[in-house]
Amino acid sequence: MPLIESKHFQKTIRNILWICASLFFLGILGTVFLTSDLPDIRPPEEEVTSFTEGWYYMEGDEERAIASFPFSLSNGGEELILCHKIPPLTDIKYLSFKNQFQEIQAYAGELCIYEYKSSASTPAGKLLGNFRCFIPLQPEYEGQTISLHLKSTTSITVKGLQNIELGSSDAFVLDILSNNFTLAVCLIFMFLTALLLYLVYLVQDIKKLSYDYKSFLYIGSFLLLSALWMWSDSELPQLICSNATMVCLISFFSFMALPIPLLSFVRSACHQGKSLLIGMQCVLIVNIIVQFLLYSIESFDFPSMLPVTHLLILLYIGIIIVLLFREVRLHASFEAKGILAAILLLILCSIAALVQFYLRPNTDNSRFFRYGLIMFIGILLFLSGKNLIRFLEERTQTKLYQQLAYTDIMTQTPNRIAFDECIDRLRQSGISGRPLTVVMLDLNNLKETNDTYGHRAGDELLKGAARSIKNAFQNVGTTYRIGGDEFVVLIEKGNISPGHLFRIMDQDIAQFNTKSIYSLSIARGYASNDGDSRKDIDSILSAADQNMYKNKAATKGICR
């Protein structure tokens with residue numbers, strides 16, 4: 001007791017000292033942060049500056065001033081031309097803006113200095129996307145007029161620009177990273193979570209659990225597609241990818257495929273409507289195939305076909321809500337209630353994202369979806385984790401009950417049920433060509449011990465006998481207690497000498513007898529097939545039993 005109190009006191013002192021050290025460190029750190037007069041050690045940053053003043057556009061031969069950005073025109077011919085005088089430059093700068101699915105040509109005077117358009121038909125169609133364009137401005141362009149020629153390529157966009165900025169290459173890289181830092185952290189978290197869910201699914205699939213572990217696969221797939229769509233719909237791909245069309249294709253595919261794993265998850269949670277949900281998935285897959293086919297033959301572009309996907313998603317959202325409400329009403333399912341709450345949150349945020357897309361198409365369209373997705377995934381992970389924990393608890397209980405059913409509680413050895421099942425397996429599979437030795441053991445004078453000293457004394461003898469038998473045979477066979485005072489060892493190995501193992505058992509028995517007031521003696525006998533294919537399991541059992549009774553008759557008089 002004093003030792004325990006001493007250890008507790010030492011831990012308390014250690015924790016107090018650690019708290020004091022941490023507080024002292026934080027206090028000094030805060031003081032230095034507020035009072036230090038050393039110069040800034042960070043490298044100087046060049047900021048991106050807004051370049052929206054002084055622009056005008058051409059209407060015929062007339063110049064019309066642009067009061068502010070965002071600026072767009074829904075009419076005025078096929079091309080919109082924005083102009084500005086190039087300011088003095090000390091080194092190369094870049095004029096940057098988002099193209100908004102428009103073809104872009106930039107001129108310094110009469111010189112074409114930038115072109116963003118597909119000049120020829122490609123085998124799989126063309127798609128410009130909504131990316132930042134970076135127009136290089138050399139110092140020698142100073143004083144010339146830069147003209148931006150904008151041409152809309154889709155039926156749902158208008159000619160114009162949201163904003164125009166000026167800066168160096170490094171400044172724009174830092175600007176993209178800082179503007180998308182929260183998104184990048186969210187994407188990394190989503191990607192790692194998806195990998196973790198796939199790993200959980202694979203582990204459970206390898207173990208072939210009866211639990212419906214596919215929900216982890218569905219959530220992981222939904223999370224991965226969501227991350228892929230949000231990444232491809234942001235500015236981040238421009239830091240690592242040079243092919244704008246490829247990024248656009250990834251964005252549209254991941255968005256169209258997004259509901260498919262979600263429908264699989266809902267199907268796993270609902271008792272009804274499973275065929276309907278599979279049919280809905282087939283429609284979504286057909287939608288992907290048709291839209292990519294129409295795009296590849298240049299009949300329609302993806303932005304023009306986007307409302308079709310939006311309508312399908314809205315329709316499916318309504319069907320999912322109806323199915324989940326019915327599931328909650330009919331089965332009062334806690335899981336269905338949780339999924340319903342998660343989907344309602346996601347739906348509200350998705351609707352907000354859709355409204356933003358149509359009202360302000362060139363802003364961060366995934367922001368509201370991102371918020372809803374985080375809440376949605378959190379609820380689904382909670383539900384799946386809770387189901388998995390419940391399944392593991394039930395599985396553990398089942399294993400425990402099975403172990404109790406097949407184990408003799410007193411001696412902690414397999415019982416008669418386990419022995420009979422093992423013998424049945426050997427009868428069915430046969431023992432021809434397989435070595436088998438059966439050892440029969442029986443306690444001498446157990447009944448007399450029970451009658452004279454009580455059943456507690458008999459229990460002590462049984463436990464001692466089990467320990468002695470298991471210590472001798474544990475590395476070569478399995479010990480079973482098949483009756484009140486009977487044990488059997490099944491040895492499925494060749495070249496085993498039971499005589500040697502009996503001597504080890506007798507040594508343990510002798511040691512037991514020196515410590516116990518009750519005398520332990522075990523009669524034993526064995527038989528094996530000795531490579532004889534004519535012997536079956538029952539004949540070996542009978543021979544071992546007879547040999548055991550012969551030994552009992554020979555030794556019974558010696559036992560006290």
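The largest nonpolar core comprises 96 residues; such a core is a set of buried Ala, Val, Leu, Ile, Met, Phe, Trp, Tyr and Cys residues joined through side-chain atoms within 4.5 Å. Buried means under 20% relative accessible area, exposed over 50%, and partly exposed in between (1.4 Å probe, protein chains only). The model is predicted: local features need pLDDT of at least 70, side-chain atom pairs count only at pLDDT 80 or more, and totals for chains, interfaces and linings use all residues. Residues are numbered from 1 along each chain as its sequence is written, and side-chain values use heavy atoms, with hydrogens and water left out.

**Nonpolar cores**
- Among the residues with the most contacts inside the largest core are Trp-55, Leu-148 and Phe-376.
- Helix α8 (residues 302-331) contributes the most to this core, with twelve residues; helices (H or I, at least four residues) and strands (E, at least two) are DSSP runs, numbered from the N terminus.
- Domain 1 (49-167) and domain 2 (173-397) each supply at least three residues to this core, with bounds from an automatic or database domain assignment.
- A second, separate core of 24 residues includes Leu-461 and Val-489.

**Tyr-295**
- Tyr-295 lies in helix α7 (residues 274-296) and counts as buried because its relative accessibility is 3%.
- The C-alpha atoms of Tyr-295 and Leu-127 are 9.0 Å apart, although 168 residues separate them along the chain.

**Strand pairing**
- Strands β16 (residues 478-481) and β17 (residues 486-491) run antiparallel and are joined by four bridges; two strands pair if DSSP finds at least two bridges between them.
- Thr-479 has Val-489 of β17 as its bridge partner.
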